Amino acid sequence: MKGLPLFPATLAGSLPKPSWLAEPEKLWAPWKLEGEQLQEGQRDAVRLALDMQEKGGLDVVSDGEQTRKHFVNGYMEKLEGIDFANLKTVRIRNRYDANVPRVVGPVVRPKPVHSEDVKFLRAATTKKIKFTLPGPMTMVDTLYDEHYGSREKLAMAFAGILNQEARELAALGVDVIQFDEPAFNVYFDEVREWGVAALEKARAGLTCMTAVHICYGYGIEANIKWKETLGDEWRQYEQTFPLLAKSSIDQVSLECANSHVPLELMGLLQGKDVLVGCIDVASTRVETPEDVANVIRAALKYVPKDRLYPCTNCGLVPLSRDVARAKLKALGDGAALMRKEMV
Ligand code: ZN
């Protein structure tokens with residue numbers, strides 16, 4: 001991306017919310033404010049999230065997802081055809097049960113969802129901005145379908161909606177649209193059969209950069225337990241990266257710090273920017289800048305230096321704000337350290 005330093009630091013997306021806005025260190029935490037107060041509170045929270053990122057030395061910033069309760073439902077609850085009143089308990093990501101909404105009719109976006117958020121974000125910072133949207137497959141995997149009868153058909157319907165949204169956000173000055181697809185690390189046959197095609201449909205015709213984020217999830221218990229079953233080498237990315245290398249997606253965000261992902265798998269992403277996870281989101285231990293620099297040094301064996309973006313493994317929403325702030329600062333400082341080293 002033009003206008004960025006070497007090793008531009010960025011984040012996967014979410015940041016903790018202030019305790020006056022939502023209960024801290026909790027996923028899907030309900031809002032503490034309502035109506036106009038909620039809107040004003042969310043905007044104040046975006047300002048604080050930007051401050052945390054800018055003081056941390058990040059180069060591509062986000063709104064920290066301060067206007068969304070959850071990275072998937074926050075979008076889906078704005079659509080028609082989905083019933084959020086009567087939830088159903090289903091197994092998601094093939095590993096844990098969640099109460100999810102039901103698809104009861106054709107999914108329709110009655111009006112733009114994030115345009116006002118992006119206008120506010122664009123005006124609030126001079127940095128490059130990233131906006132995250134859920135990916136089509138992950139949306140399908142976070143609800144119960146009673147209407148389409150096919151995960152592929154539903155994904156393609158979502159992809160059309162996301163594409164409309166993404167085009168509007170790009171026109172409002174977003175530099176990177178990122179689709180979050182943790183489901184890509186679970187359903188490999190579907191990724192091959194229609195997952196990447198749905199992603200391509202979501203990004204079709206976009207003039208801004210596009211990214212996909214694929215991770216091993218937030219540091220919640222179900223994910224930590226799942227990771228323990230994956231063995232010494234996590235080779236899940238080996239299935240998806242060759243497909244993404246052939247796709248029109250520009251950037252791939254992956255988990256790396258403190259994980260068992262063999263680093264050579266990044267070599268499968270030739271021609272793409274690689275957002276290397278240098279910050280572990282499943283631990284409250286704050287990395288040192290040198291820890292971050294070590295991950296970057298290791299990744300440089302497989303990723304050209306002008307394609308490497310130091311990033312977080314995943315969203316930081318389940319952490320405390322103090323820990324998140326310190327981790328972002330370590331990320332920014334580690335990237336700066338490497339910039340000096342490369343001169
Ligand atoms: Zn993630």
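Predicted model: local features only at pLDDT ≥ 70, side-chain atom pairs only at ≥ 80, totals over all residues.
A residue counts as buried if 20 or more other C-beta atoms lie within 10 Å of its own.

**The seven-stranded sheet**

Strand S8 belongs to an open sheet of seven strands, which follow the order S1-S4-S6-S7-S8-S9-S10 and pair in the parallel sense. At the edges of this sheet are strand S1 (60-61) and strand S10 (308-312), each of which pairs on one side only. Strand S8 is joined in parallel by four bridges to strand S7 (residues 209-214), and four bridges also join S8, again in parallel, to strand S9 (residues 273-279). The residue Gln-251 shows both pairings, for Ala-211 stands opposite Gln-251, while in S9 the bridge partner of Gln-251 is Asp-273. Further along, S9 and S10 run parallel and are joined by five bridges, with Val-274 standing opposite Leu-308 of S10.

**The three-stranded sheet**

A second open sheet has three strands in the order S2-S3-S5, and here the pairing is mixed. Strand S2 (80-92) and strand S5 (144-145) are at the edges with a single partner strand each, so one side of each has no neighbour in the sheet. Between S2 and strand S3 (residues 96-108) there are eight bridges, and these two strands pair in the antiparallel sense.

Val-90, a residue of strand S2, stands opposite Ala-98 in S3. Is Val-90 buried or partly exposed? With 15 other C-beta atoms within 10 Å, Val-90 is partly exposed, because a residue needs 20 or more such atoms to count as buried. Leaving aside residues up to four places away in sequence, Val-90 touches Asp-97, Ala-98, Val-100 and Tyr-144. Val-90 and Thr-142 are 52 residues apart in sequence, yet their C-alpha atoms are 8.6 Å apart in space.

| Helices | Axes come within | Crossing angle |
|---|---|---|
| H1 (residues 35-55) and H3 (residues 115-124) | 11 Å | roughly 40° |
| H9 (residues 289-299) and H10 (residues 321-342) | 7 Å | roughly 60° |

The angle between H1 and H3 makes H1 oblique to H3, and their crossing is right-handed. The residues that make this contact are Arg-43, Val-46, Arg-47 and Leu-50 on H1, together with Phe-120, Leu-121 and Ala-124 on H3. By class, the contact of H1 with H3 is made up of five nonpolar, no polar and two charged residues.

H9 and H10 are likewise oblique to each other, and H9 passes H10 in a right-handed crossing. On the H9 side the contact is made by Pro-289, Val-292, Ala-293 and Ile-296, and on the H10 side by residues including Ala-330, Leu-331, Asp-333 and Gly-334. This contact of H9 with H10 divides into nine nonpolar, one polar and one charged residues.

Definitions and conventions. Residues numbered from 1 in each chain as written. Axes fitted to C-alpha atoms, helices over the stretch in contact; angles between N-to-C directions. Parallel < 35°, antiparallel > 145°, perpendicular 65-115°, else oblique. Left-handed = near helix turned anticlockwise from the far one by under 90°. Contact = placed C-beta atoms within 7 Å. Nonpolar A, V, L, I, M, F, W, Y, C, P; charged D, E, K, R; others polar. Pairing = 2+ DSSP bridges. Buried ≥ 20, exposed ≤ 12 C-beta atoms within 10 Å, placed from the backbone.
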